[in-house]
Amino acid sequence: MSPSASDAGARFAVVGNPENRRAALFADAVRAAGLPAPRVVPWTDVLRARGADFDGDEIVRIDSPGENPEVDRILRGAQDPTRVEGSARWYARFTAAVRGLRGGVRLDDPDDLAVLFDKRLCHGVLEAAGVPVPASPTSGPRGIAVRGWDDVRAAMREHRMPRLFVKPAHGSSASGVLAVESGGAGRIRATTSVERAADGSLYNSLRVRRYERERDIAAVVDALAPDGLHLERWLPKASQDGRAADLRVVVVAGRATHAVVRTSRSPLTNLHLGGRRGDLRAARQAVEAAGADWAHVLGVCERAAACFPRTLCVGVDLLPAVGWRSAAVGEVNAFGDLLPGLTGLPGSGAEGLDTYGAQVAAVLHDRNDRGTPHA
């Protein structure tokens, strides 16, 4: 994946938030390859103009529109960026904006993004391709609709799911996600980062909390349901140092290049919610001690990424089962490459490169091989 001197004519452009560290890290990677910094087209301009134009030879990367209050206001329609509701509006406006981009050679396919940002569709595509995923009654075109808490309760009974995740269909970064578990005597509780205000509105919080009264859980789910909900069986996960563990694996041009273990004392392992990085070497050793093949584990992520062949890079959330012998794919993330300081896996071809450097190298390698970038 090493660039060469013949790459001098490559020109990158990024649709992103110029002030965001994602744009800065990608620009650093482009410059490190000996190329001029990419042209950054702000999301605010794209959304206000309902599109943007690119030269035919510009290599166009679409980056996350997150962490910008004005962009979020335009997409979600809410004044407060911490509000959870509005994800369906966000999805409709985001996908329309992506389809309004004209020209250039794309590193992210509009149709792929439309699936990646609908968990129900994405889960169905993975399942149809034979990728191991948690059981889900909302998956794919024949999935059930969830109109509120009563439908969640019915699905728990009918599909024998006493423990499940309730996820906004178009959410990200665990926004609005509830880990629901039921027990004897009608006991039920939900673990989530959602904070419910006195007026019933919902807010993202950096503190994971538990709701133990069914009426409170029902109120949260009922408020989220109009935006669309996805249900998944809660699979017991492997542990590391007494903490639940999963992996984020970045796949670039079909190859697993970077991986990080995420551990947590709660069901939500997201690093911004108190999760922390675990020991990747220990995870590999645990897989091999269980008689499994580490290459097969990474191969599951590559199979998931192969469902989106026209998108250069995805981040796959891999759920290792108790004992580390098998794993399932929880989600595939279009913008799952923000892992600052993490260099490539041994044997991946991305050794010494961060996730952004690996993407630039993959594009230039493809350009040298075929005369055109990955598209």
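This section describes the nonpolar cores, sheets and helix contacts of a predicted model.

The largest nonpolar core of the predicted structure comprises 57 residues. Within this core, the residues that touch the most other members are Trp 43, Phe 94, Leu 126, Val 329 and Val 332. Helix H10, spanning residues 294-305, supplies the largest share of the core, with 7 residues. Another core, of 25 residues, lies apart from the largest one, and its members include Ala 29, Val 360, Ala 362 and Val 363. In soluble globular proteins, nonpolar side chains tend to be buried together.

Phe 94 also takes part in a contact between two helices, H3 (residues 69-76) and H4 (residues 87-99). The axes of H3 and H4 are 7 Å apart, and the helices pack at an angle of about 95°. Because angles of 65 to 115 degrees count as roughly perpendicular, H3 is roughly perpendicular to H4. On the H3 side the contact involves Asp 72, Arg 73, Ile 74, Leu 75 and Arg 76, which meet Ser 87, Arg 89, Trp 90, Arg 93 and Phe 94 in H4. By class, the residues of this contact divide into 4 nonpolar, 1 polar and 5 charged.

Parallel pairing is found in an open sheet of 4 strands, arranged in the order E2-E1-E4-E6. Its edges are formed by strand E2 (39-42) and strand E6 (105-106), each of which pairs on one side only. Strand E1, residues 11-16, is joined to E2 in the parallel sense over 4 bridges, and Val 14 stands opposite Val 40 in E2.

A further open sheet contains 5 strands in the order E10-E9-E8-E7-E11, and its pairing is antiparallel. Strand E10 (202-211) and strand E11 (229-233) are the edge strands, each pairing on one side only. On average, and with direction ignored, neighbouring strands of this sheet are turned by 25° against each other. Inside the sheet, strand E8 (residues 178-182) and strand E9 (residues 188-196) run antiparallel and are joined by 5 bridges; Ser 182 stands opposite Ile 188 in E9. Helix H8, residues 214-224, packs on the sheet and touches E8, E9, E10 and E11. The direction of H8 makes about 55° with that of E9.

Helix H8 has a second contact to be described, with helix H7 (residues 149-158). The axes of H7 and H8 cross at roughly 110° and come within 8 Å; the two helices are therefore roughly perpendicular to each other. Trp 149, Val 152 and Arg 153 of H7 make the contact with Glu 214, Ile 217, Ala 218, Val 221 and Asp 222 of H8. The contact of H7 with H8 has 5 nonpolar and 3 charged residues, and no polar ones.

Strand E16, residues 313-320, is mostly covered, with 8 of its 8 residues buried. Both of its faces are covered: one side carries Cys 313, Gly 315, Asp 317 and Leu 319, the other Val 314, Val 316, Leu 318 and Pro 320, and all of these residues are buried. E16 runs antiparallel to strand E13 (residues 243-252), to which 6 bridges join it, and Leu 247 stands opposite Leu 318 in E16. With strand E17 (residues 327-333), E16 likewise pairs in the antiparallel sense over 6 bridges. The bridge partner of Asp 317 in E17 is Glu 331. E16 and E17 form a hairpin with 6 residues between them. In the turn of this hairpin, Gly 323 has a positive phi of about 95°.

Val 125 is located in helix H6, residues 119-128. Not counting residues up to four places away in sequence, Val 125 touches Val 115, Cys 307 and Phe 308. Asn 204 is 79 residues from Val 125 along the chain, and the C-alpha atoms of the two residues are separated by 29 Å.

Key: Residues are numbered from 1 along each chain as its sequence is written. This is a predicted model: local features need pLDDT of at least 70, side-chain atom pairs count only at pLDDT 80 or more; totals for chains, interfaces and linings use all residues. Side-chain values use heavy atoms; hydrogens and water are left out. A nonpolar core is a set of buried Ala, Val, Leu, Ile, Met, Phe, Trp, Tyr and Cys residues joined through side-chain atoms within 4.5 Å. Buried means under 20% relative accessible area, exposed over 50%, partly exposed in between (1.4 Å probe, protein chains only). Axes are lines fitted to C-alpha atoms, for helices over the stretch in contact, and angles run from 0 to 180 degrees between N-to-C directions. Angles under 35 degrees count as roughly parallel, over 145 as roughly antiparallel, 65 to 115 as roughly perpendicular and the rest as oblique. Contact means heavy atoms within 4.5 Å. Ala, Val, Leu, Ile, Met, Phe, Trp, Tyr, Cys and Pro count as nonpolar, Asp, Glu, Lys and Arg as charged, and the others, Gly among them, as polar. Two strands pair if DSSP finds at least two bridges between them.
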